Amino acid sequence: MRTTVAIAAMLAAGLTPLTLTSTASAAAAKHYDDFNGDGYRDLAAPYMYSGVNDGTLDFRGGAVLVTFGGPAGLTTRTQLIHQGSAGVPGAGEENDQFGSALASADLNSDGYADLAVGNLSEESGTTPVGSVTLLWGSSKGLSGGTSLPNKGGGPSFGKDLATGDFNGDGKADIAAISGSDAYLYRGGFTKSGGLGTVTRYRKNVGWFSTGLAAGKVTGDGKTDLVVLGVHVTDTLNRTEAWFLKGASGGLTSGPAKVIDSRRQSEYLDAAIGDFDKNGYGDIAIGYPDASSNRGTVTLWYGTSTGPGSKSAELSQATSGVVGAAEPGDGFGTSVSAGDTDADGYADLAVGVPGEAVGTKDYAGGAHLFRGGSGGLSGARSMTIDKTLSGVAGGTVAEDMFGYDVRVRDLSRDGKAELTVLIPGENTARVLPGAKGGVTGTGSYIVQGVNGLPE
């Protein structure tokens, strides 16, 4: 998951914390992002700004906005959490980035999804070191929090986060970046600060971890991890994706995929989905810096042992993809996988926030590549922007539609919706899944969103 960049904008109307009606009892969490245990997915998103207390909302340096789900998808029920909220450790400071990375799971196995929140700029004294806070789910939403210890001791703790059951023991674990390394925090976690053992993962000398993506590649039931990073030595300067296989002991080092052999870039995103429906997860790596920021997506197809020799590349120059690859498009700035048309194949959404629409520079767009026999191709792709019938709002320059994309089944109809961030508006559009991909018909707006978690 790419670390979300804050956009200095704020929509305060209607975002006061909401007290929700308690459910009678909490069953086992059906989804890793169901914070109130009602069986519907919720959306937790960064709501960040840099500034002082405005006298109305008592927070500084970032917040997380939760939009709760219901039978028809996301609702108007919201909750705003920050370091001024009751029970949340720390204090909001002007330059903090509380919410700069998010990952969710039922961390304490109580039937409610919990949220791990990165704060990239949290200071220790006057030194920015970063922090990770665990916010606890309940029948009323997120309530209270616990600090995750920075076992690496390095800066940039919480730069990126991922969750999953990496060792197959039935407990949710957390992967986090601290300094230049990735760390695995094993569950179970408790509100009092309990957790399992912690292990550091470094690929080699000169390796710097910059991003994380979790998912199931090998089909053995354990969650696997992809660490995005750069390898820099006196003779090397390149960008790579490193696969770590889930195992009973934690994670085991696997192969690496070179994304750029001559240049280092921290601006990568990754997603995992079974695009060819062979039972193994495939890895999609977005690289928006490629070719003068035209951007590409590398597909690294999975096998029973991890990603194998089969790979491919997608771009706006791929046959069947509408549009042209142009400098500054940023194809691959964000990627997300899910089944939008209920055909059993995972599909891939790709954000292109620098895309010009007509004469509107940086209006932005997205592409959806539908999975099928053999994997992804341009022939099964569609282009999405605000000109799509049913999508509210006119095309506006510098909207950057597609800066973040997220594919999840919010309405429980078996077809995943595509949520697209529009940072120029500080909003997102949710497009329903449909035969042939997604549709603008029935789409709706989510206000106050500043980023989308993978």
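A salt bridge is a side-chain nitrogen of Lys or Arg within 4 Å of a carboxyl oxygen of Asp or Glu. Opposite charges on side chains can pair when the charged atoms come close. The model you see is predicted, so local features need pLDDT of at least 70, side-chain atom pairs count only at pLDDT 80 or more, and totals for chains, interfaces and linings use all residues. Residues are numbered from 1 along each chain as its sequence is written, and side-chain values use heavy atoms, with hydrogens and water left out.

Let us start with the charged pairs. The structure holds 15 salt bridges. One of them joins Asp289 and Arg263, whose closest N and O atoms are 4.0 Å apart. Asp289 sits in the loop between β19 (282-287) and α1 (290-293), and Arg263 in the loop between β17 (250-260) and β18, so the pair ties together parts 26 residues apart in sequence. (Helices, H or I of at least four residues, and strands, E of at least two, are DSSP runs numbered from the N terminus.) Asp289 counts as buried at 11% relative accessibility, while Arg263, at 37%, is partly exposed. Here buried means under 20% relative accessible area, exposed over 50%, and partly exposed in between, with a 1.4 Å probe and protein chains only.

Next, find Arg406 and Asp33, whose side chains meet in a salt bridge of 2.9 Å, N to O. Arg406 belongs to strand β26 and Asp33 to the segment before β1, 373 residues apart. Both Arg406 and Asp33 are buried.

Lys203 and Glu240 also form a salt bridge, at 3.3 Å from N to O. Lys203 is partly exposed, with a relative accessible area of 24%, whereas Glu240 is buried at 1%.
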